[in-house]
Amino acid sequence: MPTSSPAGPAAPAPLPLLQADCANCFALCCVALPFAKSTDFAVNKPAGTPCKNLRQDFRCGIHTGLRDKGFQGCTVFDCFGAGQQVSQITFGGRDWRSHPATAGTMFTVFPVMRSLHELLFYLAEALTLPAARPLHAQLRTALADTTRWTVATPEALAEFDITPLRQEVNALLLKTSELVRAEVAGRKKNHRGADLMGARLPGADLRGANLRGAYLIAADLSGADLRTADLIGADFRDTDLHDADLRGALFLTQPQLNAARGNSATRIPPSLTRPAHWLGDRPGRSSAHESTD
């Protein structure tokens, strides 16, 4: 890839954990990122300022009641493992409270690392797809180059412009999507970037559809078939996924599921976790489908 690599050894770095490990993070999402008072957050909070609910031990004081207290956005967010990477690897376990001189750089590095980990999540998934085999060599190169950035110095990460790397990886992911979706028989729907907010699509056949960047806020996709649909960047806030089938959906993330509404009959990829707020079935709806976790 033409994007320059960070200074340091050329040997491939091991793939970092791409799931959040809050016990090994210094609550970076609760400090580094800003909140805007809305339906997702009960208060305004500027970047770099600790949330008022953050305890001294870097744990949330209202963790079990976030949704009830107006902090639904916290339950949706996922750092893809960037928090512990920055806390334990980039800064070697030095937290921003005990070492305040690190705070500014740490808070700058965190969103960069999250973007790197998100790209790694997509690349790792692409490498599991047999249809994308013609691209596997390029995908492995992209994976190695992106992984090396995750162990760069704090200074290098703070100055890193991730945009070119994101564009290069996205081009590979788009080619991957086209190869996979080409194996789906029939004409596939193209809703890339479409405004489908509030759309009523219950039971829709969206196999192999292109829903990249689609706005699906509060849309009704209950019972929809989304197998092999490309969902990268799709906005699933308050989307109804009751009884929907998302097995094999391309580039579906945990934050997308967390933002949506579903039930025990919503079928999801085995690599993802059913959100805790998907409790039971809606009254009057069938739960005939067995869940596949």
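# Note on an all-helix predicted model

1. In helix H2, the residues Ala82, Gly83, Gln84, Gln85, Val86, Ser87 and Thr90 are buried. Buried means under 20% relative accessible area, exposed means over 50%, and partly exposed lies in between, with a 1.4 Å probe and protein chains only. H2 covers residues 82-90, and because seven of its nine residues are buried, the helix is largely enclosed by the rest of the structure. Its buried residues pack against helix H3 (103-126) and helix H5 (154-159). Just after H2, Gly92 has a positive phi of about 55 degrees.

2. Some ground rules apply to everything here. This is a predicted model, in which local features need pLDDT of at least 70 and side-chain atom pairs count only at pLDDT 80 or more, while totals for chains, interfaces and linings use all residues. Residues are numbered from 1 along each chain as its sequence is written, and side-chain values use heavy atoms, with hydrogens and water left out.

3. The protein chain has seven helices and zero strands.

4. How does the overall size fit the chain length? For 293 residues, a compact globule would have a radius of gyration near 19 Å, and the protein chain agrees with this at 20 Å. The radius is taken over C-alpha atoms, and the globule rule is 2.2 Å times the number of residues to the power 0.38. Along its principal axes, the C-alpha trace spans about 55 × 50 × 30 Å.

5. Of the 293 residues, 48% count as buried. The accessible surface of the protein chain comes to about 13800 Å², and carbon and sulfur atoms hold 54% of it. These areas come from the Shrake-Rupley method with a 1.4 Å probe; for residues, only the protein chains shown count as cover. Among contacts with a separation of 6 or more, 47% join residues 24 or more positions apart. Contact means heavy atoms within 4.5 Å.

6. The protein chain carries 31 positive and 28 negative charges, and their mean positions are 2 Å apart. Lys and Arg count as positive and Asp and Glu as negative; His and the chain ends are not counted. Each charge is placed at NZ of Lys, CZ of Arg, CG of Asp or CD of Glu.

7. Which residues have the most contacts inside the largest nonpolar core? They are Trp96 and Leu241, in a core of 75 residues. H2, H3, helix H4 (136-149) and helix H6 (163-181) each supply at least two residues of this core, and H3 gives the largest share, 14 residues. A nonpolar core is a set of buried Ala, Val, Leu, Ile, Met, Phe, Trp, Tyr and Cys residues joined through side-chain atoms within 4.5 Å. A second, separate core of six residues includes Phe35, Cys51, Ile62 and Leu66. In soluble globular proteins, nonpolar side chains tend to be buried together.

8. Leu241 deserves a look of its own. Beyond residues up to four places away in sequence, Leu241 touches Leu221, Leu226, Phe236, Leu246, Leu257, Ala260, Arg261, Gly262, Thr266 and Trp278.

9. Leu123 is found in helix H3 and is buried, with a relative accessible area of 0%. Not counting residues up to four places away in sequence, Leu123 touches Leu139, Ala142, Leu143, Thr146, Val169 and Leu173. Leu123 and Thr176 are 53 residues apart in sequence, yet 9.7 Å apart in space, C-alpha to C-alpha.

10. Leaving aside neighbours within four places in sequence, its contacts are Asn170, Leu173, Leu174, His191, Arg192, Gly193, Asp230 and Ile232.

11. Asn258 lies in helix H7 (residues 254-259) and counts as buried at 9% relative accessibility. Apart from residues up to four places away in sequence, Asn258 touches Arg67, Thr75, Val76, Pro275 and His277. Asn258 and Asp243 are 15 residues apart in sequence and 16 Å apart in space, C-alpha to C-alpha.

12. Two backbone angles are worth checking. Most residues other than glycine have a negative phi. Ala27 is not a glycine but has a positive phi of about 55 degrees; Ala27 sits in the segment before helix H1 (72-76) and is buried, with a relative accessible area of 7%. Phe58, also not a glycine, has a positive phi of about 70 degrees. Phe58 is found in the segment before H1 and counts as buried at 14% relative accessibility.

How values were computed: Helices (H or I, at least four residues) and strands (E, at least two) are DSSP runs, numbered from the N terminus.
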